[in-house]
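Visitor: I have a structure open and I am new to this. Could you help me read it, one feature at a time?

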Amino acid sequence: MAGMTLLKKGAEAELYVLHWMGRPSVLKRRVRKAYRNPDLDAYVRSARTSNEAKLLSEARRLGVPTPLVYLVDKRNCEITMSYIASPPLKRLIPEMREEAIVETFKRVGEMVALLHKGGIVHGDLTTSNIISYGGLLYFIDFGLGERTSDLEPRGVDLHLMRRALESSHHEVSGIAYASFLKGYSHSMGSTSKDVVARAESIRRRGRYVEVGQRRDA
Ligand SMILES: Nc1ncnc2c1ncn2[C@@H]1O[C@H](COP(=O)(O)OP(=O)(O)O)[C@@H](O)[C@H]1O
Ligand SMILES: [Mg+2]
């Protein structure tokens, strides 16, 4: 397509900014992975593309801001969606004051509760996959998301957010995660206790594996 500017080249996908029907848009294309069997590769890329497109729209119906999906091309593993003109939260956090971090992560928690209550888990919940724009928090990158109300994948969402905060934003990870949990628990209601406990146990399991690996090394 003419007028495409590379936005980001990730491990799985290339993202371009372009104009679609005159609107600033993002094209996300899942690229071939040489290490996968070609048939499996085509299947995985196509399945994640349609999964992502569906969940972007479903999340939006639940009241969680997401880019509008304009076009899905399963064959070429491409999604064309509206462009949210702001960098991801990950890039903004270093510039944010503590009060803004507290407020933002409380709202992130509320949004994740909306997803969970609506029967969706994100599957890759990190600060790279949330964009703050126009007073709203947009959630993106739903390729690993699922429709489920199970405790385990909900716990994984919380765990991944905590891990992302600890690895990329260590100085503020404590207040950010506490605010996130506050927003999440408040919106989620009584079931949040079980999800938070499950996230804790996933963290302990993770630690255990890490210790095990170190011993083997
Ligand atoms: N609709 C969009 N509007 C603006 N930026 C976007 C949009 N979609 C993705 N991005 C940017 O591109 C990055 C990678 O996109 P993402 O869907 O998360 O793919 P990946 O699977 O490579 O992580 C995001 O972190 C974000 O900065
Ligand atoms: Mg991403």
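Guide: Gladly! Keep in mind that this is a predicted model. Let us begin with the ligand.

Visitor: Which residues are closest to ligand 1, and how many surround it?

Guide: There are 18 residues around ligand 1, and the closest are Gly10, Val26, Pro67, Ile84 and Asp141. Strand E1 (5-9), strand E2 (13-20) and strand E3 are the elements that each give two or more residues to this shell.

Visitor: What classes of residue make up the shell around ligand 1?

Guide: Counting by class, you will find eleven nonpolar, three polar and four charged residues in the shell around ligand 1.

Visitor: Which domains does the shell draw on?

Guide: Domain 1 (5-82) and domain 2 (89-216) each supply at least three residues to the shell around ligand 1.

Visitor: Let me turn to those domains, then. How far apart are the C-alpha centres of domain 1 and domain 2?

Guide: The two C-alpha centres are 22 Å apart. Contacts between the domains involve 13 residues of domain 1 and 13 residues of domain 2. On the domain 1 side of that meeting place, seven residues are nonpolar, three are polar and three are charged.

Visitor: Now a helix. How many residues does H1 have, and what span does it reach?

Guide: To read a helix, compare its end-to-end span with the one expected at 1.5 Å a residue. Helix H1 covers residues 38-61, which is 24 residues, and its first and last C-alpha atoms are 35 Å apart, close to the expected 34 Å. After H1 comes glycine 63, with a positive phi near 100 degrees.

Visitor: Which residues of H1 are buried?

Guide: The buried ones are Arg45, Thr49, Glu52, Ala53, Leu55, Leu56 and Ala59. They pack against several strands, E3 (23-30), E4 (69-73), E5 (78-82), E6 (120-121) and E8 (136-139), and also against helix H3 (98-117).

Visitor: Let me pick one residue from helix H3: glutamate 110. Is glutamate 110 buried or exposed?

Guide: For this we count neighbours, and a residue is called buried if 20 or more other C-beta atoms lie within 10 Å of its own. Glutamate 110 is buried because 20 other C-beta atoms lie within 10 Å.

Visitor: What is glutamate 110 in contact with, beyond its neighbours within four places in sequence?

Guide: Setting those neighbours aside, glutamate 110 is in contact with Gly183 and Ser187.

Key:
Residues are numbered from 1 along each chain as its sequence is written. Chains are lettered from A and ligands numbered from 1 in the order in which they are written. This is a predicted model: local features need pLDDT of at least 70, side-chain atom pairs count only at pLDDT 80 or more; totals for chains, interfaces and linings use all residues. Helices (H or I, at least four residues) and strands (E, at least two) are DSSP runs, numbered from the N terminus. The expected span of a helix is 1.5 Å times one less than its number of residues. A residue is buried if 20 or more other C-beta atoms lie within 10 Å of its own, exposed if 12 or fewer, and partly exposed in between; C-beta atoms are placed from the backbone. Two residues are in contact if their C-beta atoms, placed from the backbone, lie within 7 Å. Domain bounds come from an automatic or database domain assignment. Ala, Val, Leu, Ile, Met, Phe, Trp, Tyr, Cys and Pro count as nonpolar, Asp, Glu, Lys and Arg as charged, and the others, Gly among them, as polar. A residue is near a molecule or strand if its C-beta atom, placed from the backbone, lies within 6 Å of it.
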